[in-house]
Amino acid sequence: MQLSSHLKAFKLAVVSLAFAALAACTSAFNADVTHFNSQVPPPAGQTFVVVPENPAMAGGIEFGQYASRVADHMAALGYRPVSDPAQADLLVKFNYGVDRGREKVTSSPGFYDPFWSPWYSSPVVYRTRHGARIGYISRPWGYGWYDPFFGGQDIDSYTVYTSGADLKIERASDHYRYYEGKAQAVSMSNRLQYLVPNLVEALFTDFPGNSGQTVRISIAPEGRKVTPRR
């Protein structure tokens with residue numbers, strides 16, 4: 001009984017670690033961010049306005065919510081927001097979207113352990129002339145505890161979505177392009193309310209970045225630091 005208790009405790013510990021690892025993998029939002037022609041003029045009180053690159057989004061309430069996040073980041077850098085494009089020194093063009101998703105099927109070989117197969121009971125210790133040995137007593141299907149982590153092949157099917165956000169900064173007077181930035185992420189969510197704020201956060205991490213360089217930005221849960229990976 002003591003050996004069985006130890007083995008069960010070990011099993012539960014391994015499963016707990018596995019779930020903890022899965023949780024750690026899904027706790028952050030990862031986006032690949034590429035900066036181009038990062039020659040944004042240093043902030044010296046220039047005014048700006050955030051406008052949709054897609055005219056169909058103009059005046060939309062949803063666009064306005066996401067644009068306000070872009071404006072907050074620009075203001076934090078030292079630029080001054082205005083509502084009238086005619087009064088802006090800079091035009092900040094913003095666009096975003098998510099695709100329809102694609103199905104992914106994955107499989108893992110699993111780990112077979114007769115201690116936990118539904119065809120066996122807990123191990124039994126017995127003695128022979130060679131010393132102590134461990135044996136198993138076969139039982140009908142359904143008596144044991146089966147877990148896909150430890151038996152057979154684990155097959156999963158799920159949908160993944162690719163989302164993206166584009167940011168362009170132009171001189172309002174002649175539309176000279178100062179900056180282009182692209183952020184792209186693959187996730188199991190297609191909710192723009194979740195995706196776009198994270199993509200904006202990624203775009204402004206290490207802004208304006210190095211021209212032509214793509215970096216992986218990890219957006220940690222609220223209250224934790226954002227980590228760039230090169």
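**Figure 1. Overall fold of the predicted model.** Of the 230 residues of the protein chain, 33% count as buried. The accessible surface of the chain comes to about 14100 Å², and carbon and sulfur atoms supply 54% of this area. The secondary structure consists of three helices and eleven strands. Along the sequence these elements follow the order α-β-β-α-β-β-β-β-β-β-β-α-β-β. Among contacts in the chain with a separation of 6 or more, 73% are between residues 24 or more positions apart.

**Figure 2. Aromatic pair Y66 and Y96.** The model contains eight aromatic pairs. In one of them, the ring centres of Y66 and Y96 are 5.0 Å apart and the ring planes stand at 90 degrees, so the pair is edge-to-face. Y66 belongs to helix α2 (residues 61–77) and Y96 to strand β4 (residues 90–98); the pair thus links distant parts of the chain, 30 residues apart. Y66 and Y96 are both buried.

Figure 3. The angle falls between the limits of 30 degrees for stacked and 60 for edge-to-face. Both F94 and Y96 are buried. Together with F63 and Y66, these two residues form one aromatic cluster.

Figure 4. D166 is located in strand β8, which spans residues 154–171. Its relative accessibility is 21%, so D166 counts as partly exposed; the buried class requires under 20%. Leaving aside neighbours within four places in sequence, D166 is in contact with E53, K93, F94, N95, G181 and K182. D166 and T34 are separated by 132 residues in sequence, and their C-alpha atoms are 9.8 Å apart in space.

Figure 5. N198 sits in helix α3, which covers residues 192–203. The relative accessible area of N198 is 14%, so the residue is buried. Apart from neighbours within four places in sequence, N198 is in contact with F29 and I219.

How values were computed
Residues numbered from 1 in each chain as written. Predicted model: local features only at pLDDT ≥ 70, side-chain atom pairs only at ≥ 80, totals over all residues. Heavy atoms only, no water. Phe/Tyr/Trp six-rings, centres within 6.5 Å; stacked < 30°, edge-to-face > 60°. Helix = DSSP H or I, 4+ residues; strand = E, 2+ residues; numbered from the N terminus. Buried < 20%, exposed > 50% of the residue type's maximum accessible area, 1.4 Å probe, protein only. Contact = heavy atoms within 4.5 Å. Areas by Shrake-Rupley, 256 points an atom, 1.4 Å probe, with all protein chains shown as cover.
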